[in-house]
Amino acid sequence: MLDKDATPTKEIAVIGGGAIGSMTAWHLARNKHLVTLIDPLLKKRFDLEEQLNGSTASLGVLMGNIFRRSHGRSWSLRKRSMELWQQWMVLLNTPESPLRLETPLVQLARSASEATLMAQLSQERSDLGVELLKENISMENQRLWPKSHYGGIISHKDGRINPLLLQQCLLHALHKHNVDNVEEKVVLIERGSTKGKRQWHIHLNNGKSLAKEIIIICAAMGSDALIKPLGHRLPIAPVLGQVLDLELKADEKNWSGWPAVLISEGVNLIPYKTNRILLGATLEPGTKKSTDCLKQMKNLNGEAPNWIKESSIYNQWSGIRGKPIGRPAPILTTLEPGLIIATGHYRNGILLAPATAEWVANTIKHQNCL
Ligand SMILES: Cc1cc2nc3c(=O)[nH]c(=O)nc-3n(C[C@H](O)[C@H](O)[C@H](O)COP(=O)(O)OP(=O)(O)OC[C@H]3O[C@@H](n4cnc5c(N)ncnc54)[C@H](O)[C@@H]3O)c2cc1C
């Protein structure tokens, strides 16, 4: 819902145009602020690995309603995001980039104790579309699921959105709301003032500078370097995520009975096209790719069905998830008047993008950040 109360228009720069920064810029522009979004990767190609950011490398799984805890900030953000996704998806959708939430999401239990927790959760969250997984009756032409020794849980309102379509929709929406896109890297932020009014001076890679009332930092791994010269520190560690796009051997089987997302042994499996499937997981700290981790992922801890074992790698890519050091993800805080940071979403940046954008808009409105 748009904020109808009169919030004075501010001149705002959002630094970082991944899912978090782009959605925040769009939401602030809808709330009548004058927004500039700065990121050298804004309109880059999605088919080159070196031009992917965390968002365009991601799988876009929205796992909100089956979060284990039922209280605290993480649960509130997830719950709110899932509500906002339903509303905002409709607003962001374009005929060229038909964005939709593909459902449901199924998670297979890895142990008897996990299955017990899932049974409890299904009772608590039935109103949110969560239920215990009924026995998987495999149909004749269906591709077999990975083995499930303990059953699982099905969440009818969780699922997946295509992150590349999302980025295209956001670019379109930013244009529609007159957000100024600057395809440069920010090299330095300095405090300053113009005519007695406090302003931030934002220095760009191309030697130019911008002056703004408010800065929102959504630069993931680039964030700490931007705030350090201002005397703030919020270190973020890189955690590599790898994705395999597998081509299956031609067969007579199909995806009937498959959910949009199936989680087995901590690996997300996303069927798409007739003979292709995406596999992704968080396996490795750091930035170095390991073929052992990829093999382990493809093998699903020994539970992979033959049709996955026999598949070939059609494509593969990786991306960095930014994990805050010494504090929970994400970092949502006002560092000083007019300087807000909303980043470090680690595994859930796509899921939490709407709730983050709303938090930023509310912070500007209510917390007297100027
Ligand atoms: C393989 C993989 C799978 C994932 N799967 C999922 C999933 O299924 N569901 C989910 O919710 N999340 C998933 N994630 C996590 C999610 O992608 C991240 O949490 C999310 O991308 C964070 O978004 P962001 O906008 O903060 O960061 P990013 O998308 O990384 O964007 C940060 C942007 O800041 C820009 N930037 C940095 N420094 C500067 C600077 N100095 N000046 C200007 N711009 C700058 C960068 O160019 C970049 O574009 C996955 C991540 C990976 C890598």
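Helices (H or I, at least four residues) and strands (E, at least two residues) are taken here as DSSP runs, numbered from the N terminus. The structure is a predicted model, in which local features need a pLDDT of at least 70 and side-chain atom pairs count only at pLDDT 80 or more, whereas totals for chains, interfaces and linings use all residues. Residues are numbered from 1 along each chain as its sequence is written, and side-chain values use heavy atoms, with hydrogens and water left out.

By these criteria, the secondary structure of the chain consists of nine helices and 19 strands. The C-alpha trace spans about 75 × 45 × 40 Å along its principal axes. For the radius of gyration, which is taken over C-alpha atoms, the globule rule is 2.2 Å times the number of residues to the power 0.38. Because a compact globule of 370 residues would have a radius of gyration near 21 Å, the 21 Å of the chain agrees with that expectation.

Where contact means heavy atoms within 4.5 Å, 72% of the contacts between residues at least 6 apart in sequence join residues at least 24 apart. Residues are called buried under 20% relative accessible area, exposed over 50%, and partly exposed in between (1.4 Å probe, protein chains only); of the 370 residues, 52% count as buried. Accessible areas come from the Shrake-Rupley method with a 1.4 Å probe, and for residues only the protein chains shown count as cover. The accessible surface of the chain comes to about 17400 Å², of which 50% belongs to carbon and sulfur atoms.

One joins Thr103 and Pro104, with omega about -10°, and Pro104 lies in the loop between helix H3 (72-92) and strand E4 (105-108). Another runs from Ala329 to Pro330, with omega near -5°, and Pro330 is placed in the loop between strand E17 (312-324) and strand E18 (331-336).

Asn178, which is not a glycine, has a positive phi of about 60°; Asn178 is located in the loop between helix H5 (163-176) and strand E8 (180-182), and is exposed, with a relative accessible area of 67%. For Tyr346, also a residue other than glycine, phi is positive and near 50°. Tyr346 occupies the loop between strand E19 (339-343) and helix H9 (349-366), where Tyr346 is partly exposed, with a relative accessible area of 21%.
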